[in-house]
Number of protein chains: 2
Amino acid sequence: MNDLFLRAARGEKTERIPVWLMRQAGRTLPGYKKLREKYGVLELAQTPELAAQVSSEPIERLGVDAAILFADIMLLPLALGVKLEIVDSIGPVIESPLENKADIERLLPFKKNQVQYLGETIRLLRSQLEVPVIGFSGAPFTLASYLIEGKPTRDWARTKQFMFDQPENWDLLMRTLSDAVIEYLSSQIQAGAQAVQLFYSWVGCLAPATYRKQVLPHVQRIFSALKERKVPRIHFGTDTGAMLEDFADVDCEVIGVDWRIELSKAREIVGKKTLQGNLDPSVLLCDWGVVEKKVDEMLENLGNRKGYIFNLGHGVNPKTDDSQIKRLVDYVHAQ
Amino acid sequence: MNDLFLRAARGEKTERIPVWLMRQAGRTLPGYKKLREKYGVLELAQTPELAAQVSSEPIERLGVDAAILFADIMLLPLALGVKLEIVDSIGPVIESPLENKADIERLLPFKKNQVQYLGETIRLLRSQLEVPVIGFSGAPFTLASYLIEGKPTRDWARTKQFMFDQPENWDLLMRTLSDAVIEYLSSQIQAGAQAVQLFYSWVGCLAPATYRKQVLPHVQRIFSALKERKVPRIHFGTDTGAMLEDFADVDCEVIGVDWRIELSKAREIVGKKTLQGNLDPSVLLCDWGVVEKKVDEMLENLGNRKGYIFNLGHGVNPKTDDSQIKRLVDYVHAQ
């Protein structure tokens, strides 16, 4: 059993840097692409044998030190009865975006049996793999913003309008989603997930004070509730540079950051927590010499490697050549 | 003559806070909307009488303390011979995105007479208005990213690939664009612009080290070259929270920030420079009570108002009701 990732997540110095990459499962890998000719993303994620196959592919092919469950953050809203589609080259599109209290009250309570397939995928992975399995969930702000916007956005204006004009309903929505996230991640841990990541895309679109008041308390509650499960908990967000003090102010083992902040600066803010990140995924589209140089600069800037997990700052760009990813993993392993 | 804006830009304490709003000209105002039924954006910007009319409308209607030239950042690339269209609900679309050195060398040298219409607009505005006229230009990174991506993007992956794989060509492109920006802004100042803003959308997509090495030196050169013109120079960017030390490291009078950073924290970093910003434009879509509360919180967080100009953190959202904007301007004036 390769437990480098788990030991680094717990703050230990490891004999070499553990590596995993967000979106390592799916997107660029040939086995996944072949499956996608036949199956939709949600269908793949909801079929344990196939989801396990997709989750395992990067372990065999890339040699990463942890497996991330192949899933979609929209699986949770689906379990709450939200009608949605994943549209190619757009993303999740919600049939009836949330507008008011009645819409929130129509969300079904989360029931574990609606995501039994995830537990089954995790059990399959645990029986097959020699590396830890990471479970994950979209964070409540991210989920809420999808439900309110109805589709990907560049300015989150509808979400903010909802937060500011209907603070009580926002709070209700965040509590509802947080309850579900706690159950969703707990069920993954019960099935065997050895770590979990709460995944915050774009939370950096908020003013720090807004994050502090209308998002952070809910995130804190999620992390506190998961503490008793005794697995490392990762809090990841993009574009959190200017609010990292607040973002990191949760009871968790690992903070994941993107490339917008230097690791040395993130380390100062994050303190003793393990740091995860933060290569810009665009770098992997470049010539190999560029990748090597950027990794060297990152690690030099980081300094002490105790309590550090190598990752990208966001998901693998779908245009990335998988041989380049393999080379990256090998290169970091050799450091 | 209302010179509040100019005095605040020079760091003075003013008897009340000067206010102007990015994208105050155009977008939401009725006179502009009426003109847009007949004319395209570029046509409006290139016709002095019409551009002056659009630039003046917010002074009369909203009571702001400065006029921003109605223009488009793509006017400069047009003057360099780039073929492009402004497509509704998408933005600028470039006919042949830049890929290599030859593409850069095909850019024409900037000639002032290609933007004579802007000088004429500025002269008209100066003769009509009792508030200062601000000229502006897209910053070289922003211009370069449009020219390379060909259309708006969410990840700037092509731009970064270009920067990293072809650093010498990137440097050439940045020098070429910076030369043009210097001439472009100088010609606006010569025509009568009493301040200029270098406008950086999304420069926060870069890692701080990348900004420092591949963007900042060019911006520093632009600001140094404009110093002799003796008008206040504003350096504005979105999402600069985690790189603000570097972003503010130019010889200019005013730093503009978005809502992702608190004004008190920005003040610490920016030092004696005047601060401009930073209300989230989404707030203006909310009930009036929300606007009032957010402005109160902003100003309380700011503390000392010496050397401060009120603005949004980015352009007015096109869905904003103009009566709400008017009310905002009046409210800030009453503080």
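Between chain A and chain B there are eight salt bridges, a salt bridge being a side-chain nitrogen of Lys or Arg within 4 Å of a carboxyl oxygen of Asp or Glu. One of them joins the side chains of A:R212 and B:E262, with 2.6 Å from N to O.

Before I go on, a word on the model. It is a predicted model, in which local features need pLDDT of at least 70 and side-chain atom pairs count only at pLDDT 80 or more, while totals for chains, interfaces and linings use all residues. Residues are numbered from 1 along each chain as its sequence is written, chains are lettered from A and ligands numbered from 1 in the order in which they are written, and side-chain values use heavy atoms, with hydrogens and water left out.

Back to the interface. Chain A and chain B have 16 residue pairs in polar contact, both residues at pLDDT 80 or more. A polar contact is a pair of N or O atoms within 3.5 Å; within protein, one must be able to donate a hydrogen and the other to accept it, and residues adjacent in sequence count only if both atoms are side-chain atoms.

Which helices of chain A each supply at least two residues of the side that touches chain B? They are α9 (157-165), α11 (208-214) and α15 (288-302). Helices here are DSSP runs of H or I with at least four residues, strands are runs of E with at least two, and both are numbered from the N terminus.

By class, that side of chain A has 16 nonpolar, seven polar and 15 charged residues. For this count, Ala, Val, Leu, Ile, Met, Phe, Trp, Tyr, Cys and Pro are nonpolar, Asp, Glu, Lys and Arg are charged, and the others, Gly among them, are polar.

The contact takes 38 residues from chain A and 38 residues from chain B, where contact means heavy atoms within 4.5 Å. The area buried between the two chains is about 3,000 Å², and carbon and sulfur atoms give 44% of that. Buried area is the accessible area (1.4 Å probe) that two parts lose on being put together, summed over both. On the chain A side, A:R154, A:F164 and A:R260 supply 20% of the area that chain A buries against chain B, more than any other three residues.

Next, the aromatic rings. Over all chains the count is 20 aromatic pairs. Rings of Phe, Tyr and Trp (its six-membered ring) pair if their centres lie within 6.5 Å; planes under 30 degrees apart count as stacked, over 60 as edge-to-face and the rest as tilted.

Why is the pair of B:W156 and B:W202 called tilted? The ring centres are 6.0 Å apart and the planes stand at 40°, so the pair falls in that class. B:W156 lies in the loop between α8 (140-149) and α9 (157-165) of chain B, and B:W202 in the loop between β5 (195-200) and α11 (208-214), so the pair ties together parts that are 46 residues apart in sequence. B:W156 is buried at 9% relative accessibility, whereas B:W202 is partly exposed at 22%. Buried means under 20% relative accessible area, exposed over 50%, and partly exposed in between (1.4 Å probe, protein chains only).

A second pair is B:W288 and B:Y331, whose ring centres are 5.7 Å apart with planes at 85°, so this pair is edge-to-face. B:W288 sits in helix α15 of chain B and B:Y331 in helix α16 (residues 322-333), 43 residues apart. B:W288 is buried at 12%, and B:Y331 is buried at 17%.

In chain A, A:F141, A:W170, A:Y200, A:Y211 and A:F247 form one aromatic cluster. A:F247 is also touched by A:T240, as is A:V203, not counting residues up to four places away in sequence. A:T240 lies in the loop between β6 (233-237) and α13 (244-247) and is buried, with a relative accessible area of 1%.

Last, the backbone. Most residues other than glycine have a negative phi, and most peptide bonds are trans. A:W156 has a positive phi of about 55° although it is not a glycine, and phi of B:W156 is near 55°. A:W156 is in the loop between α8 and α9 of chain A and is buried at 8%.

Where are the cis peptide bonds? One runs from A:G277 to A:N278, with omega near -10°, and another from B:G277 to B:N278, with omega near -10°. A:N278 lies in strand β8 (residues 274-279) of chain A, and B:N278 lies in strand β8 (residues 274-279) of chain B.
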